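Student: I'd like to learn how to read strand pairing and overall fold from a model. Could you walk me through one?
Tutor: Happy to; let's look together.

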Amino acid sequence: MIFILTGSRSWNDSSPVYATLDWLCAASAALAPGVMMTVRHGKARRGVDQHVANWQAHRPHLALVDEHPADWAGPCLDGPYGNPPITCPSGHRRKRDDGSDYCPACGNRRNQEMVDPGATACVGLIRARSTGTADCLKRARAAGIPTATISWEELYGVPSTTNLRRRVEARLADQLPRDVLAARH
Ligand SMILES: [Zn+2]
């Protein structure tokens, strides 16, 4: 089973990410015994991608990883029909604090590259208004891939007597019921 994990770079608590991956791993083991699951992510150096990478690095016997870093330094998009890449239109590139610049469309293109090979499901962990995460979820839905969303504001902003891990598991089970995953493995 292949799962796309997408999420905010400001997501600085690993535990909901680990709870998500543990849940997916258990679902995969139950539905596709003997087949290692694959976790596909965007290899950002902070936030959800970093937590996913750490989780997998400590469990290489449980999951393979498929990383799709965005080419932030690259051009706007590939030219059609094998033509050379097109440079960004004037004003498209954004500046970072350190003076370097990047094309904001590269993240969207990377998201499409994560979706195109297909997946069993896509889980997005969203904090504040993470446009990159919302974009990846939207592209997964458009491709017919089942999606689940875990919201930082819901997890930490709503008082609850149930512990965090249980709440993450409940959100996943609501949005990705067993029959949905079984239909796709
Ligand atoms: Zn551009």
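Student: In which sense do β1 and strand β2 pair?
Tutor: This is a predicted model, and in it β1 pairs with β2 (residues 37–41) in the parallel sense, over three bridges. To place the pairing on residues, look at Ile4, whose bridge partner in β2 is Arg40.

Student: How does the chain get from β1 to β2?
Tutor: Follow the path and note its handedness. Here the chain passes from β1 through helix α1 (residues 14–31) to β2, a right-handed β-α-β crossover.

Student: With which bridge partner in β6 does Gly7 pair up?
Tutor: That partner is Leu125. Strand β6 (residues 121–126) and β1 are joined by five bridges, again a parallel pairing.

Student: What does the secondary structure of the whole protein come to?
Tutor: Seven helices and seven strands, in the order β-α-β-α-β-β-β-α-β-α-β-α-α-α from the N terminus. The radius of gyration is 17 Å, close to the 16 Å that the globule rule gives for 185 residues, so the protein is as compact as a globular protein of that length.

Student: And what share of contacts with a separation of 6 or more is between residues 24 or more positions apart?
Tutor: Such pairs account for 74% of those contacts.

Key. Residues are numbered from 1 along each chain as its sequence is written. This is a predicted model: local features need pLDDT of at least 70, side-chain atom pairs count only at pLDDT 80 or more; totals for chains, interfaces and linings use all residues. Two strands pair if DSSP finds at least two bridges between them. Helices (H or I, at least four residues) and strands (E, at least two) are DSSP runs, numbered from the N terminus. A crossover is right-handed if, with the strands pointing away from the viewer, the path from the first strand over the helix to the second runs clockwise. The radius of gyration is taken over C-alpha atoms; the globule rule is 2.2 Å times the number of residues to the power 0.38. Two residues are in contact if their C-beta atoms, placed from the backbone, lie within 7 Å.
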